[in-house]
Amino acid sequence: MNTISGVYPRSLKGSGNPVLYEVSCTDIKVWAESESETPFIHARALADQVEVCFVGYLEGLGSSAQKSAEVLLADYLAEGCSAFSGKFGSFVALVIDRRNDSYFLLCDSSNQRRWYYYHHENCFVFSTKLKQCASLLPGKADLQQDNSFFWVYGFYPYNQTAYKDIYSLSGNKYAVFSKGKLSIKDKKHWIAPDVSAIESEKTAVDVLEALLLKSIEQNAGVSSKVGVLLGGFDSALVASLLKRCGREVETFSFYYDEVRYNQAHTDTLAEYLGIKHHWVKIDAEVIKTGLQNYADTFDQPTNWPNYLIQTEFLARHIKKQGVDVCVTGDGCDNLFYGYPGVFKNAKLYSRLGNVPRPLLNIAEFCLRGSFQERWIGHPYRLALRLLRNMGKALPARAYLMFRIFDELTVTHLFGKDLAQVKADVKRVEDDICKDLPDKSAAWLAYQGKAAISPNRAKLVGSSDSADLALFSPYMDRQVKAFVASLPENLLRPTGATQDIGKYILTKMAEEKGYLPAEVIYQPKLAAVDAPIDDWYRAELKPITKEIITSGLVNISPSGVDALLQETLFEKIYKKYFDTADNLTTHVLSLLVTQSAYRLK
């Protein structure tokens, strides 16, 4: 695992092993740790007076970290801190300027990678890995347990993390540390280029194709052999785009003994493109190892840990096949209005009125017993989610439609006061929603979905663990700016016969001959779907309970035991209800991944 870390003062906790590089500084200790031979790219200039420590790549420079570091250094020498604005891709960088004894921490403006930092009085600690940062604190790093908003919605607001007092540095900021003082500054806002009004569907198809091909060509770099994490249509199109660019392509997918979770049409795609496909088996033992090492690999707790763990396992397999660059379909569904359930719910919520508060209070009173949640399980929380959302107005009911816990769940598991939990959650809800733009319910719903998405943590953790460059053309800023300029009916036209969204993308794939129709219009198989529910309640039960109860204080052991038992209502729900994913253990997953950050 590649990390860059730093401490001030120098007498603070040092680094472990193996240490591959240490920057010589007078007041702050900076070092890199890695199992690979190239933990980060180090660029120097002006007789070593200015240095750049860099992990990742700048957009448009392929997977070359060396070239990216040199470009950033040259731009900083020419422009100063103004050079930090408008830098996209997937990177973190530390700029050390001894001319004025200053240190600058920055990351890509697309928010793919993050710095993690702690600052209190005369102590400053930072690292590219969250758990590493926590381990370097002068005192104990405490887990967050009382953040009710996190438990309900599954993500931390305000750049908070799984640890109290440790924050992440977002892409629109950079940090300056000089003479013992820390300042967080705004980057100059990047203004998307003007996009000419699209006069026809054909024009939109042509422009979109050109932008995707350009992104693929630039970011795949000089690698002739490129891997693809193959799921459904999104990544299949990526594989075809790579072939159009003249690359040798090999695709890789998860394989489960329970075949209903396996991706369809992989053989169809392989035959159509003339490429080789690999199945990589995922079982309970893979997930067990991943849970035990979760906090060492990933920087974000989530209700979909199997997806992250499986991808990291797959990435290491891909690296062993001699592949150094791998492309994914991440970001496509949010960008092009995929996720059928998200769109349907957004439209539903935009049309329905509010449920009167007295009715909500009566429903909550009838459902407030912990025995009801333990007896019914996941459908209980889904019913409460619907009721809570119907009690809100837009934009909150669309942007915050996805809930993991209910406020009642927090009280059942942690013994909190319900009124206080509701007040804490409502305060953050109001604060987040007051600045949301006046957009459609669909736009708000997809942005809310992105807020809880673990894709960023998945890509960064898998890339670092496997020493494999991972990128998606759907995250390219020019692609995103163009799609954002399109009218909504080019993403999901009214009365469309195919309920997969992504209308303009599917038209491009079909009209340009990138994929056969059966691959383009295949039913969506949620990437997070796996036999994880069954594994939690069988092979993973001991390790899951151990991680949760040792990581979280004051949690109800009987409540955890109840979550590890499948209810009759959950069995019925999984059998008869067609939902975005078929999992009933979201609460369990959020508990175990948050608990995984406990420092031993």
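**A close look at the sheet**

Tutor: Leu-229 stands opposite Phe-252 in strand 14. This is a predicted model, in which local features need pLDDT of at least 70 and side-chain atom pairs count only at pLDDT 80 or more, while totals for chains, interfaces and linings use all residues. Residues are numbered from 1 along each chain as its sequence is written, and side-chain values use heavy atoms, with hydrogens and water left out.

Strand 13 (residues 225–229) pairs with strand 14 (residues 248–255) in the parallel sense, over five bridges. Strands (E, at least two residues) and helices (H or I, at least four residues) are DSSP runs, numbered from the N terminus, and two strands pair if DSSP finds at least two bridges between them. Strand 13 also pairs in the parallel sense with strand 16 (residues 325–327), over two bridges. There, Val-228 has Val-327 as its bridge partner. In a regular strand the side chains alternate between the two faces of the sheet.

Strand 13 is largely enclosed by the rest of the structure, because four of its five residues are buried. From strand 13 the chain crosses through helix 5 (residues 233–244) to strand 14, a β-α-β crossover that is right-handed. Right-handed means that, with the strands pointing away from the viewer, the path from the first strand over the helix to the second runs clockwise. Buried stands for under 20% relative accessible area, exposed for over 50%, and partly exposed for what lies in between (1.4 Å probe, protein chains only).

The open sheet as a whole has five strands in the order 15-14-13-16-17, with parallel pairing. Strand 15 (276–281) and strand 17 (469–471) are its edge strands, each pairing on one side only. On average, neighbouring strands of this sheet are turned by 30° against each other, direction ignored. For such angles, axes are lines fitted to C-alpha atoms (for helices over the stretch in contact), and values run from 0 to 180 degrees between N-to-C directions.

In one of them, Glu-488 meets Lys-347, with the closest N and O atoms 3.5 Å apart. Glu-488 is in the loop between helix 20 (477–485) and helix 21 (503–511), and Lys-347 is in helix 11 (residues 340–351), so the pair ties together parts that are 141 residues apart in sequence. Glu-488 is partly exposed at 25% relative accessibility, and Lys-347 is partly exposed at 27%.

Arg-427 and Asp-424 form another salt bridge, at 3.4 Å between the closest N and O atoms. Both lie in helix 17 (residues 418–433), three residues apart, so about one helical turn separates them. Arg-427 is exposed at 53%, whereas Asp-424 is buried at 18%. Lys-434 and Asp-431 also meet in a salt bridge, 3.4 Å from N to O; Lys-434 is exposed at 54%, and Asp-431 is partly exposed at 30%. A network of salt bridges links Glu-364, Arg-388, Arg-403, Asp-406, Glu-407 and Lys-422.

Aromatic rings come next. Rings of Phe, Tyr and Trp (its six-membered ring) pair if their centres lie within 6.5 Å; planes under 30 degrees apart count as stacked, over 60 as edge-to-face and the rest as tilted. The whole structure holds 26 aromatic pairs. The rings of Phe-149 and Tyr-153 have centres 4.8 Å apart and planes at 40°, so this pair is tilted. Both residues lie in helix 3 (residues 148–153), four residues apart, about one turn of the helix. Phe-149 is buried at 1% relative accessibility, and Tyr-153 is buried at 1%. Trp-375 and Phe-569 form an edge-to-face pair, 5.2 Å centre to centre with 80° between the planes. This pair links distant parts of the chain, with Trp-375 in helix 13 (residues 370–376) and Phe-569 in helix 26 (residues 568–576), 194 residues apart. Trp-375 is exposed at 56%, while Phe-569 is partly exposed at 33%. Tyr-8, Trp-115, Phe-124, Phe-126 and Phe-177 make up one aromatic cluster.

How values were computed: A salt bridge is a side-chain nitrogen of Lys or Arg within 4 Å of a carboxyl oxygen of Asp or Glu.
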